[in-house]
Amino acid sequence: MTENMWNYRSTSGHLTGADLSGYKVEATDGNIGKVDKHNDEAGDAYLVVDTGVWIFGKEVLLPASTVISINADEQRIYVDRTRAQVKDAPEFHRDQHLTSPQYREEIGIYYGIGGPFGRPL
């Protein structure tokens, strides 16, 4: 994973300003859903993925650093997590994700980074 979980890897093929809404998201072992929302601000980039019916419509926040590659022609995003890891991720809360340091810390800990915004504890 990159040194900052809220940035895309330089090798991902991400283009700033590209609309990723609706892109299918592929885990290492299969499809996990579609991008519902995304942000590509440097230092605060993420995907919100609607997992659909396979885990009852849960939405999860994936830090940009989980993205391995983006295929714009196929409208697919490949991430370095399994379906189970995404399923077990903290649920995305629209009313918290930007305003709650505790939620961001929970995401950082879950994805193995440490403290809030990717800083070590």
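User: What makes β1 and β6 partners, and how many bridges join them?

Analyst: Three bridges join β1 to β6, and the two run parallel. Strands count as paired if DSSP finds at least two bridges between them. Three bridges meet that rule, so β1 and β6 pair. Strands themselves are DSSP runs (E, at least two residues), numbered from the N terminus; helices are runs of H or I, at least four residues. This is a predicted model: local features need pLDDT of at least 70, side-chain atom pairs count only at pLDDT 80 or more, and totals for chains, interfaces and linings use all residues. Residues are numbered from 1 along each chain as its sequence is written, and side-chain values use heavy atoms, without hydrogens and water.

User: Why are β4 and β5 at the edges of the sheet?

Analyst: The open sheet of six strands has the order β4-β3-β2-β1-β6-β5, with mixed pairing. β4 and β5 each have a single partner strand, so one side of each lacks a neighbour in the sheet.

User: Why is E26 called buried?

Analyst: Its relative accessibility is 14%. Buried means under 20% relative accessible area, exposed over 50%, and partly exposed in between (1.4 Å probe, protein chains only). So E26 counts as buried. E26 lies in strand β1 and stands opposite Y78 in β6.

User: What does the side chain of E26 reach?

Analyst: The side chain reaches the backbone nitrogen of N31 at 3.3 Å.

User: Which class does Q75 fall in, buried, exposed or partly exposed?

Analyst: Q75 has 43% relative accessibility, so it counts as partly exposed. Q75 lies in the loop between β5 and β6. Its phi is near 50 degrees, a positive value in a residue other than glycine. Most residues other than glycine have a negative phi.

User: Why is the pair Y110 and Y111 called edge-to-face?

Analyst: Rings of Phe, Tyr and Trp (its six-membered ring) pair if their centres lie within 6.5 Å; planes under 30 degrees apart count as stacked, over 60 as edge-to-face and the rest as tilted. The rings of Y110 and Y111 are 5.0 Å apart, centre to centre, with 90 degrees between the planes. So the pair is edge-to-face. By this rule the count is one aromatic pair.

Key
Polar contact = N/O pair within 3.5 Å; in protein donor to acceptor, adjacent residues only side chain to side chain.
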